[in-house]
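Here's a friendly walk through one protein model. Have a look at the sequence and the 3D view, then read on.

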Amino acid sequence: MQVLQVQLEVGPDPAEVGRARRWARSRLAGSGIGDDEPLAETLILLISELVTNAVVHTGCPAVLRMLFGGPGVRVEVADASDRAPARRQAAGDDTGGRGLELVDGLADRWGWQREGAGKRIWCEIDREEKSASDGATDGPPEIHSSVREPRVYL
C-alpha cells in the first residue's frame, strides 16, 4: 500500500491556524476529497483543533502532517513541548476547552506519543464505514491512544 504524506511547518502564532486550514483544504482536494464532502469538513475541524492546541498551549512551532492511503486519512501534529495533552472541563459559557472532546467525538481513532523532546498527537478518519467485525488496523502500535467504541443508535 502506498501512503502519501504531506506536511506543513506551523509557527507559534494563532494566525497560523487559518493558514493550516487553507493548506489542508488544498491538500484534501489534491487527494480526491472534495471540499463539499462531510469527510473534508470533519478533517478541517480536527486539524483546526489540533493545530490550535499546539499553538496556544505550547507556544512552540509545530509540524502538521496528513497521511493519505489505506482506508482513511491520518492527521498528526508534532510539537516541541513535552507536556501531555490534557482534557479540560469547559463550563457552558467558556469559549475554549473543548478541543480534545471534539477530537474524541469526531475521529475514529486518536492518541498521542512522545517524540524526541516533544510529542505527536494524531487522529484518523476512515473514508468508509467499517463493519463491527473489521477492527484490525495495520501499522505500528501507538501509545496513549483512545479508540472509540462503535455507536449504537436505538
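A residue is called buried when its relative accessible area is under 20%, exposed when it is over 50%, and partly exposed in between, using a 1.4 Å probe and protein chains only. By that rule Leu 45, at 34% relative accessibility, counts as partly exposed. Leu 45 sits in helix 2, which covers residues 38-58.

Before going further, keep in mind that this is a predicted model: local features need pLDDT of at least 70, side-chain atom pairs count only at pLDDT 80 or more, and totals for chains, interfaces and linings use all residues. Residues are numbered from 1 along each chain as its sequence is written, and side-chain values use heavy atoms, with hydrogens and water left out.

**The overall layout**

How many helices and strands does the protein have? There are three helices and six strands. Helices (H or I, at least four residues) and strands (E, at least two) are DSSP runs, numbered from the N terminus.

The protein has 154 residues, and 41% of them count as buried. A contact means heavy atoms within 4.5 Å. Take the contacts between residues at least 6 apart in sequence: 60% of these join residues at least 24 apart.

**Two helices crossing**

Two packed helices are described by the angle between their axes and the distance between the axes. Helix 1 (residues 16-30) and helix 2 have axes that come within 9 Å and cross at roughly 150°. The axes are lines fitted to C-alpha atoms, for helices over the stretch in contact, and the angles run from 0 to 180 degrees between N-to-C directions.

Which residues make the contact? On the helix 1 side they include Val 17, Ala 20, Ala 24 and Leu 28, and on the helix 2 side they include Leu 43, Ile 44, Ile 47 and Val 51.

**Salt bridges**

Side chains of opposite charge can pair when their charged atoms come close. Here, a salt bridge is a side-chain nitrogen of Lys or Arg within 4 Å of a carboxyl oxygen of Asp or Glu. By this rule the count comes to eleven. Among them are these:

| Pair | N to O distance |
|---|---|
| Arg 120 and Glu 76 | 3.0 Å |
| Glu 124 and Arg 109 | 2.5 Å |
| Arg 109 and Asp 126 | 2.7 Å |

Glu 124 lies in strand 5 and Arg 109 in strand 4 (residues 109-115), so their bridge ties together parts that are 15 residues apart in sequence. Arg 109 and Asp 126, in strands 4 and 5, are 17 residues apart. Salt bridges that share partners join Arg 65, Arg 74, Glu 76, Arg 109, Glu 115, Arg 120, Glu 124 and Asp 126 into one network.

**A few single residues**

Gly 111 is found in strand 4. Gly 111 is buried, with a relative accessible area of 0%. Its C-alpha atom is 9.4 Å from that of Glu 124, 13 residues away along the chain.

Pro 85 lies in the loop between strand 3 (72-79) and helix 3 (99-106). Pro 85 is partly exposed, at 24% relative accessible area. Leaving aside neighbours within four places in sequence, Pro 85 touches Leu 100, Trp 112, Lys 119 and Ile 121. Between Pro 85 and Trp 112, 27 residues apart along the chain, the C-alpha separation is 7.9 Å.
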